[in-house]
Amino acid sequence: MIKMMVTVVIVFTICWLPFNFLMLMKLPSSWDLLPYFWFAFHWLAMSHSCYNPIIYCYMNARFRSGFILVLHGVPGLQQICCCIRHSPPNIARNVGSSVALAGEMNGLYGASALRRKAGVRVRCHPG
């Protein structure tokens, strides 16, 4: 857990330091490359939000199990993604109670349950 948090802090620093450094520097506004540097550093800073789930999934088994459990509820994804297709359906034992409860609630109130309640039949034909 400590390794993961240190990794998150290091990635945060790497992503945000160039942008903050650029904002604190007194650069002349006539510098032609300023908009390009601002765009690149701003993009790097905003891309930080994409790295956290990757770090969590790589370094935390409970997060990875919960993420796979949530992906099981996405219609059609099991046919596309091999990690979802071959994972055991009882993966909820590795995750916290709130994620396991969310998986159970998805079965109670998910799209398939609503279709059953409405009397709608969906037929899947393998293509």
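**Close-up views of a predicted model**

View 1. The unreviewed UniProt entry carries the annotation "transmembrane region" for residues 5–24 and 36–59. In this predicted model, residues 5–24 are 100% helix and 0% strand, with their end C-alpha atoms 27 Å apart. Residues 36–59 are 96% helix and 0% strand, and the end C-alpha atoms of this span lie 34 Å apart.

**View 2. Confidence along the chain.** The chain has a mean pLDDT of 74, and 60% of its residues reach 70 or more. Over residues 97–102, the pLDDT falls below 50. Beyond near neighbours in sequence, this stretch makes 5 contacts in the model.

**View 3. Crossing of helices α3 and α4.** Two packed helices are described by the angle between their axes and the distance between the axes. Helix α3 comprises residues 48–59 and helix α4 comprises residues 61–71; their axes come within 5 Å and cross at roughly 110°. This angle falls in the range of 65 to 115 degrees, and α3 and α4 are therefore roughly perpendicular to each other. On the α3 side, the contact is made by Pro 53, Tyr 56, Cys 57, Tyr 58 and Met 59. Helix α4 contributes Ala 61, Phe 63 and Arg 64. By class, the residues of this contact comprise 7 nonpolar and 1 charged, with no polar residue.

View 4. Across the whole structure, a search finds 7 aromatic pairs. The ring centres of Trp 16 and Phe 19 are 6.1 Å apart and the ring planes stand at 80°, so the pair is edge-to-face; the cut-off for this class is over 60 degrees. Both residues belong to helix α1 (residues 2–24). Trp 16 and Phe 19 are 3 residues apart, about one turn of the helix.

Conventions:
Residues are numbered from 1 along each chain as its sequence is written. This is a predicted model: local features need pLDDT of at least 70, side-chain atom pairs count only at pLDDT 80 or more; totals for chains, interfaces and linings use all residues. Side-chain values use heavy atoms; hydrogens and water are left out. pLDDT is the predictor's confidence in each residue, from 0 to 100. Contact means heavy atoms within 4.5 Å. UniProt positions are given in the numbering used here, feature names are shortened, and annotations may be inferred rather than shown by experiment. Helices (H or I, at least four residues) and strands (E, at least two) are DSSP runs, numbered from the N terminus. Axes are lines fitted to C-alpha atoms, for helices over the stretch in contact, and angles run from 0 to 180 degrees between N-to-C directions. Angles under 35 degrees count as roughly parallel, over 145 as roughly antiparallel, 65 to 115 as roughly perpendicular and the rest as oblique. Ala, Val, Leu, Ile, Met, Phe, Trp, Tyr, Cys and Pro count as nonpolar, Asp, Glu, Lys and Arg as charged, and the others, Gly among them, as polar. Rings of Phe, Tyr and Trp (its six-membered ring) pair if their centres lie within 6.5 Å; planes under 30 degrees apart count as stacked, over 60 as edge-to-face and the rest as tilted.
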